[in-house]
Amino acid sequence: MKTQILTIGRHPEILQTVVRLINNNPEWNATGVCTDDEAVLAFSTQEFNLVLLGGGIEEESEQRLCDAFKALKPQILIVQHYGGGSGLLTAELYQAMGKR
């Protein structure tokens, strides 16, 4: 079973690239969204193992999202990713999931 990753980013082109990089790993499946409303709707209607917060999300918005996700699923893993290439992204996700 694949690890389901909700990926949130404010820049559609960058989000598309991040989703593609995640989906290149046969163990992962990413769902990408750009807005807070899309993120909350996706999280409340689908089963995710991890949330990836991309760059450009305002601090206040990030806090609201994290609070909403934790209220629905307290054990959810939330990872911040601000760029740095596919190697860093992969390492961040594996580290968050407790794999090396």
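The legends below walk through several close-up views of this predicted model. Residues are numbered from 1 along each chain as its sequence is written, and side-chain values use heavy atoms, with hydrogens and water left out. Since the model is predicted, local features need pLDDT of at least 70 and side-chain atom pairs count only at pLDDT 80 or more, while totals for chains, interfaces and linings use all residues.

**View 1. Four strands form an open sheet with parallel pairing.**
Follow the strands across the sheet and you meet them in the order E2-E1-E3-E4. Strands (E, at least two residues) and helices (H or I, at least four residues) are DSSP runs, numbered from the N terminus. Two strands pair if DSSP finds at least two bridges between them. Strand E2 (28–33) and E4 are the edge strands, and each pairs on one side only. From one strand to the next, the twist averages 25 degrees. Angles here run from 0 to 180 degrees between N-to-C directions, and axes are lines fitted to C-alpha atoms, for helices over the stretch in contact.

**View 2. Strand E1 (residues 3–8) pairs with E2 and with E3.**
Six bridges link E1 and E2 in the parallel sense. Look for Leu6, whose bridge partner in E2 is Thr31, and for Thr7, which stands opposite Gly32 in E2. E1 and E3 are also paired in the parallel sense, over four bridges. Here Ile5 has Leu50 in E3 as its bridge partner. How many of the six residues of E1 are buried? Five of them are, and the strand is mostly covered. Buried means under 20% relative accessible area, exposed means over 50%, and partly exposed lies in between (1.4 Å probe, protein chains only).

**View 3. Strand E3 (50–53) has buried residues pointing both ways.**
Leu50 and Leu52 point one way from E3, Val51 and Leu53 point the other way, and all are buried. E3 runs parallel to E4, and four bridges join the two strands. Leu50 has Leu77 as its bridge partner in E4. Gln75 sits in the loop between H3 and E4. The C-alpha atoms of Gln75 and Leu50 are 9.5 Å apart in space, although the two residues are 25 apart in sequence. Is Gln75 buried or exposed? Gln75 counts as exposed because its relative accessible area is 58%.

Contact means heavy atoms within 4.5 Å. Ser61 has its place in H3. This serine counts as buried because its relative accessibility is 3%. Not counting residues up to four places away in sequence, Ser61 touches Arg10 and Asp36.

**View 4. Helix H1 (residues 12–23) packs with helix H4 (residues 86–96).**
The two helices, H1 and H4, pack at an angle of about 65 degrees, and their axes are 10 Å apart. Val18, Leu21 and Ile22 in H1 meet Ser86, Leu89 and Leu93 in H4. The residues of this contact divide into five nonpolar, one polar and no charged. Ala, Val, Leu, Ile, Met, Phe, Trp, Tyr, Cys and Pro count as nonpolar, Asp, Glu, Lys and Arg as charged, and the others, Gly among them, as polar.

**View 5. His81 lies in the loop between strand E4 (77–80) and H4.**
His81 counts as buried because its relative accessibility is 7%. Which residues are in contact with His81, leaving aside neighbours within four places in sequence? They are Leu52, Leu53, Gly54, Gly55, Leu89 and Glu92.

**View 6. Cys34 and Cys66 are in no disulfide.**
A disulfide is a pair of cysteine sulfur atoms within 2.5 Å, and by this rule the count comes to zero. For Cys34, the nearest cysteine sulfur is that of Cys66, 17 Å away. Cys34 is partly exposed, at 23% relative accessibility, whereas Cys66 is buried, with a relative accessible area of 16%.
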